[in-house]
Amino acid sequence: MRIEISGLTKTYRGKGPALDRLDLVVPTGMFGLLGANGAGKTTLMRILAGLLRPTAGEVRIGGYDVTARAGRLAVQRVLGYLPQDLGLYPDLTAREFLDYVALLKGIDDRPARRRRVGELLDVVALTDDADRRLRGFSGGMRRRVGIAQALLADPRLLIVDEPTAGLDPEERIRFRTLLAKLAGQRTVLLSTHIVDDIAQTCRELAVLSHGRLVFRGTVEGLTKQADGRVWTVVTSGPAPASGTIVSALPHDTGMRYRVVGPQQPAPDARPTDPNLEDGYLALAQQS
Amino acid sequence: MMESDAEVLGRVARRMIAAARYEMVMMLRKRSMWIVNGVIVLLLVLTSLSSFREALRDPDAQQSMARAAFLLNVLLPIGYGCLLADRLIRDTRLGVAPLLDATPTPAMGRLAGKYLGVCVAAAAPLAVVHFGFAILYSVTAGRPVALAWAAAGFAVVIAPAVLFVGAFALAVPLVMPAPLFRVLFVGYWFWGNLIGPTAMPTTAQSLLEPAGGYPIQELLGWHGDGAFTPAGPVPGASLNFLRPEPSPATAWLSIALLLALAAVVLAGAHAVRTRTTR
């Protein structure tokens with residue numbers, strides 16, 4: 001499902017614009033959305049999920065106008081949504097919660113619903129805990145229930161907002177792999193501020209800053225933003241004063257710093273190949 | 001392929017029933033619901049023991065069941081009114097609201113389902129006590145017809161009160177903190193049902209009394225004890241325009257007004273929620 005966004009603006013009462021005349025096209029497949037906290041990612045996700053009305057602009061998903069009631073309902077029928085601040089009913093078991101959401105998503109046939117819930121509990125490795133109340137679930141287990149509910153109606157559009165927050169490294173990798181698998185014929189919009197999640201799953205991405213689109217392209221394209229701007233400095237003295245220090249590791253002769261900046265941060269600094277995180281930082285420095 | 005109106009209605013009804021079912025399950029699992037109702041029932045039995053004994057000894061099954069329904073409806077709504085106050089706002093507090101709002105089920109359908117579900121759950125302890133008393137009466141008095149009168153009393157007195165109180169308890173905490181609502185609600189309940197109309201302007205004994213004076217008197221035939229009558233004009237009281245001469249028609253009108261007010265309040269809750277979330 002292709003997402004077409006033009007001139008999208010969202011202003012909350014008494015605040016500046018959370019989204020400011022945003023133009024963006026998201027094709028079918030896996031697509032990443034990067035940005036710092038407060039960049040407007042969650043607002044954009046909530047508008048796409050039909051939870052917020054934009055102040056101005058147009059949003060079309062698979063040809064449906066999301067700002068109109070009929071279009072919103074049509075999109076919600078094929079939508080899987082995992083919000084950033086995921087909440088669950090503590091009094092229900094994982095199986096009951098998924099069954100409830102499945103009913104609200106229109107899976108009326110009881111055997112089909114039970115089968116689907118069972119499959120997804122298995123996918124997120126919660127089969128053994130399926131009949132336990134959600135009150136006792138850890139953060140990671142709750143997140144997995146959230147992921148399962150997003151996949152219930154076999155969605156053609158999957159919007160996941162900070163999906164790996166609270167997951168341990170193994171769960172994170174498992175979930176990223178699952179998302180990548182799902183992306184075949186679907187549109188999967190992955191919003192995160194964890195650059196590595198995008199690097200491992202997406203070919204294309206957009207970067208938001210202060211509600212505006214500051215980059216739209218491929219992972220390689222964003223990485224290239226840092227060409228000639230990444231340096232390695234090994235020193236026993238003070239840390240480099242210019243540029244942004246990405247990492248600082250103890251070294252035999254002092255500390256080894258990885259620095260992103262337009263100027264060579266020290267006379268003995270060596271240029272280094274950039275990665276996606278460097279590209280993102282370089283972009284942030286330029287915008 | 002376009003859906004017919006009947007198919008759309010059927011689809012919305014199925015979602016509503018799903019919401020009602022799970023909301024009911026969650027409410028019934030709430031331990032505080034049983035504790036609060038248990039405490040109120042205990043208080044009620046202790047303070048109105050003679051009235052219950054009288055009802056149990058009354059040879060007229062209809063009168064006995066009407067009196068029992070009235071006694072229950074005087075105090076138990078305070079408990080469930082307070083308990084239901086978090087049911088709608090907690091969706092936002094827990095963070096479940098965005099997830100449910102992103103489903104294709106219309107918010108109004110979910111709200112209606114939630115309302116019906118929590119009302120059924122709130123009515124469950126009342127049903128246990130009410131029908132428990134009816135069974136006790138049937139056995140001791142040898143009058144099984146009491147069960148039919150108990151069902152009638154539940155339908156025309158207890159259920160309308162649950163639906164009326166349930167709507168306010170879901171809706172009002174959207175515009176004020178739930179603890180404040182609970183305090184105001186308890187005050188309202190005593191003011192609107194229990195204070196004598198000659199003492200101050202009140203909705204007690206009027207068409208708008210959720211304790212159900214008109215239906216108890218006109219549909220169940222209980223005309224009160226001594227000087228107290230459940231419904232009708234009170235000499236010297238203000239707001240007597242809300243207390244027409246009791247008749248079966250005014251009893252039904254009282255029920256209809258309570259349900260209409262509940263519907264208006266629920267529609268308001270939907271509007272407030274839509275405005276604040278979108």
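Ala125(A) is partly exposed, because 13 other C-beta atoms lie within 10 Å, and a residue is called exposed at 12 or fewer and buried at 20 or more. The model is predicted. Ala125(A) sits in the loop between helix 4 (110–123) and helix 5 (139–150) of chain A. Its phi is near 55°, a positive value in a residue other than glycine.

Is Gln205(B) buried or exposed? Gln205(B) is buried, because it has 28 C-beta neighbours inside 10 Å.

| Residue | Phi | C-beta atoms within 10 Å |
|---|---|---|
| Ala125(A) | near 55° | 13 other C-beta atoms |

Now the contact between the chains. Chain A brings 27 residues to the contact, and chain B brings 20 residues. On the side of chain A that touches chain B, at least two residues each come from helix 2 (69–77), strand 6 (79–82) and helix 3 (94–104) of chain A. Which element of chain A gives the most to this side? Helix 3 of chain A does, with five residues. By residue class, the side of chain A that touches chain B holds 15 nonpolar, five polar and seven charged residues.

Terms used
Residues are numbered from 1 along each chain as its sequence is written. Chains are lettered from A and ligands numbered from 1 in the order in which they are written. This is a predicted model: local features need pLDDT of at least 70, side-chain atom pairs count only at pLDDT 80 or more; totals for chains, interfaces and linings use all residues. Two residues are in contact if their C-beta atoms, placed from the backbone, lie within 7 Å. Helices (H or I, at least four residues) and strands (E, at least two) are DSSP runs, numbered from the N terminus. Ala, Val, Leu, Ile, Met, Phe, Trp, Tyr, Cys and Pro count as nonpolar, Asp, Glu, Lys and Arg as charged, and the others, Gly among them, as polar.
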